[in-house]
Amino acid sequence: MPPRQFRTQAIVLNRRDFGEADRLLTLFTPAHGKIRAIAKGARKPSAKVSGHVELFARSDCLIHKGRNLDILTQAELIEPYLGLREDLRRGAYANYVAELLDRFTADEEEAGGDLFTLLHQTLARIAETDDPRLAARFFELQLLDMAGFRPELNECVISREALKPEPQWFSHEEGGVVSRAAAPLVSARLVEIDFVTLKLLRHLQRSADAYERVGSLRISPEQHSSAERIMLGYIVHLLERKLESVDFIRRLRQFSPGA
């Protein structure tokens, strides 16, 4: 019989008010994947856990297994990722990363050790970097790989032939790049991808264990927009829904074009 309570590190993906004084938390953990837990009394100023379960915080938690919802009984803050609270743009990308992970994972589906590490490292990068868009693109590609939706970027997804260094097409339905020669064979909608953007996405995809190889890249706004267009189109196709955090980032850009 599994234990009725367990201790684990957890990162707060989402939280909302629940009842008169409680909070419902969506937590991501290394060994238990994604769980939803009630933090009783967390909205009271005197609550012991309130400062330890802030959005995106990483904490050491004691969780009691409930029949329908788990209950968080203790929490001690490990890492607040302060840069996410001090800068609206960084916080917006952290929200995007958290929503993306939430959408691609099911509750307590499986141990989430590698995903937990990726999430922790990504939040730390976004909290410190001047280019959170690059950290978000890296996260997207690694998450898709772990979730079994790795886009094919190195050869034509239709003909399986090597791609020439020229503009190509990307198919959301086929899950990868379609060469210009094979494009007439595809009935689904194709999106053009320039070769510079393709090389950037390839570089991010193959640098899974070495973010330092990409963290120092200087990406133009135009190249960022091109890569984002390809990735978001593919992600929305997979999820069959838009992401709320993307709308907020786009509204933020109206006031701050570099966001």
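This is a predicted model: local features need pLDDT of at least 70, side-chain atom pairs count only at pLDDT 80 or more; totals for chains, interfaces and linings use all residues.
Colleague: How many of the twelve residues of α5 are buried, and what do the buried residues pack against?

Modeller: Burial here means under 20% relative accessible area, and nine of the twelve residues fall in that class, so α5 is largely enclosed by the rest of the structure.

Colleague: Which residue caps the N-terminal end of α5?

Modeller: Helix α5 covers residues 195–206. A side-chain oxygen lies 3.1 Å from the backbone nitrogen of V196, and the residue that supplies this oxygen is D194.

Colleague: What distance separates the end C-alpha atoms of α2, and which residue caps its N-terminal end?

Modeller: With 17 residues at 1.5 Å a residue, helix α2 (residues 88–104) should span 24 Å, which agrees with the 25 Å between its end C-alpha atoms.

Colleague: At roughly what angle do the axes of α4 and α7 cross, and what is the handedness of the crossing?

Modeller: The axes of α4 (residues 132–147) and α7 (residues 221–239) come within 11 Å and cross at roughly 35 degrees. The contact includes L134, L141 and L144 of α4 and M231, L232 and I235 of α7, and by class it has nine nonpolar, two polar and four charged residues. The crossing of these two helices, α4 and α7, is left-handed.

Methods
Residues are numbered from 1 along each chain as its sequence is written. Side-chain values use heavy atoms; hydrogens and water are left out. Axes are lines fitted to C-alpha atoms, for helices over the stretch in contact, and angles run from 0 to 180 degrees between N-to-C directions. Helices (H or I, at least four residues) and strands (E, at least two) are DSSP runs, numbered from the N terminus. A crossing is left-handed if the near helix is turned anticlockwise from the far one by less than a right angle, and right-handed if clockwise. Contact means heavy atoms within 4.5 Å. Ala, Val, Leu, Ile, Met, Phe, Trp, Tyr, Cys and Pro count as nonpolar, Asp, Glu, Lys and Arg as charged, and the others, Gly among them, as polar. The expected span of a helix is 1.5 Å times one less than its number of residues. Buried means under 20% relative accessible area, exposed over 50%, partly exposed in between (1.4 Å probe, protein chains only). A polar contact is a pair of N or O atoms within 3.5 Å; within protein, one must be able to donate a hydrogen and the other to accept it, and residues adjacent in sequence count only if both atoms are side-chain atoms.
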